[in-house]
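Morning, everyone. Please have the model open while I talk. I'll cover domains, then chains.

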Amino acid sequence: MGRDEEELLAALRAGDEAAFARIVSEWSRPMLTLARSFVSTQASAEEVVQETWLAVLKGLDRFEGRSSLRTWVYRILVNTAKSRGVKEHRTLPWSSVAGEDSGPSLDPALFQSAGEAHPGGWRAAPSAWPGEVMVEGSVLAGEVRREVRTALEQLPDRQRTVLTLRDVLGHTSEEVCEMLDISQANQRVLLHRARTAVRAGLADYLEVG
Amino acid sequence: MAALTCQEMVELVTDYLEDNLGWRDRRRVAKHLSVCDPCVRYIEQMRETLDLLGTVPVETLSPEAQTTLLDAFRDLRR
């Protein structure tokens with residue numbers, strides 16, 4: 001446990017409300033994302049997070065500091081979410097690497113095949129995106145942001161979870177591996193496929209539109 | 001060493017952006033990008049996608065739920 005965490009733990013044990021309010025507001029975002037990958041609805045995920053915090057409060061004095069505080073909280077969250085997911089008859093998303101994780105991440109039809117002039121080369125170069133896409137406040141930027149959210153929601157559970165934790169919430173790969181208890185290699189595959197899919201979704205949208 | 005195709009390049013983009021490539025692959029990527037404008041554009045679009053993802057709002061607990069938890073904290077820690 002790092003120094004900051006020791007101070008945080010001491011503050012929580014001493015009943016420091018501000019410290020508790022701060023971690024509840026900061027940690028609940030990734031916790032909700034993680035919980036959502038195990039249960040059926042957002043409301044259910046929200047209950048899992050609340051239940052987790054209550055368990056954390058009750059267990060605070062027993063916590064021995066063998067892992068980081070955050071890891072301990074996430075472990076409680078995952079256990080709570082898992083048993084909730086089982087009750088909802090959901091299959092656990094993190095138990096194995098699914099078939100969806102192998103093969104090319106981008107549609108092979110976009111590339112020339114073996115008999116053609118440049119096998120593996122682009123059949124047609126990706127079309128340029130209008131510069132307006134990245135201009136904050138422009139109409140197109142608003143539409144594109146909505147499209148990004150749609151693409152994100154359509155991802156398979158595990159890819160959406162990893163992408164949200166990494167690129168939306170800004171966690172490091174180490175943190176994400178620890179939270180989800182997956183290997184670096186697995187994390188990379190899921191992140192890569194998710195990023196590729198979201199960019200492809202945007203490309204489709206901008207080409208048609 | 002064989003030159004990268006665009007299709008192989010696309011599969012290395014995440015490792016490239018995460019700085020996870022060994023020096024050999026890094027050199028192959030750099031070489032490919034020096035002659036392939038479509039892949040340069042692809043990577044640029046990937047960077048823009050990441051910037052856009054960073055703006056997606058993510059829900060946190062409702063204010064009511066947060067208040068409930070604070071109350072519980074107060075009760076338990078008194």
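**Two domains, two chains**

Chain A is divided into two parts: domain 1 (3–87) and domain 2 (99–208). Those bounds come from an automatic or database domain assignment.

Some ground rules. This is a predicted model: local features need pLDDT of at least 70, side-chain atom pairs count only at pLDDT 80 or more, and totals for chains, interfaces and linings use all residues. Residues are numbered from 1 along each chain as its sequence is written, while chains are lettered from A and ligands numbered from 1 in the order in which they are written.

Back to the domains. The centres of domain 1 and domain 2 of chain A, taken over C-alpha atoms, are 30 Å apart. Their contact takes seven residues from domain 1 of chain A and nine from domain 2 of chain A. Contact means that the C-beta atoms of two residues, placed from the backbone, lie within 7 Å.

Which elements give two or more residues to the domain 1 side of chain A? They are α2 (17–36) and α4 (69–87) of chain A. Helices here are DSSP runs (H or I, at least four residues), numbered from the N terminus. α2(A) gives the most to that side, with four residues.

Now the chains. In chain A, 48 residues are in contact with 35 residues of chain B. Elements giving two or more residues to the chain A side include α3 (42–59) and α8 (184–208) of chain A. Again α2(A) gives the most, here with nine residues.

That's the picture. Questions, please.
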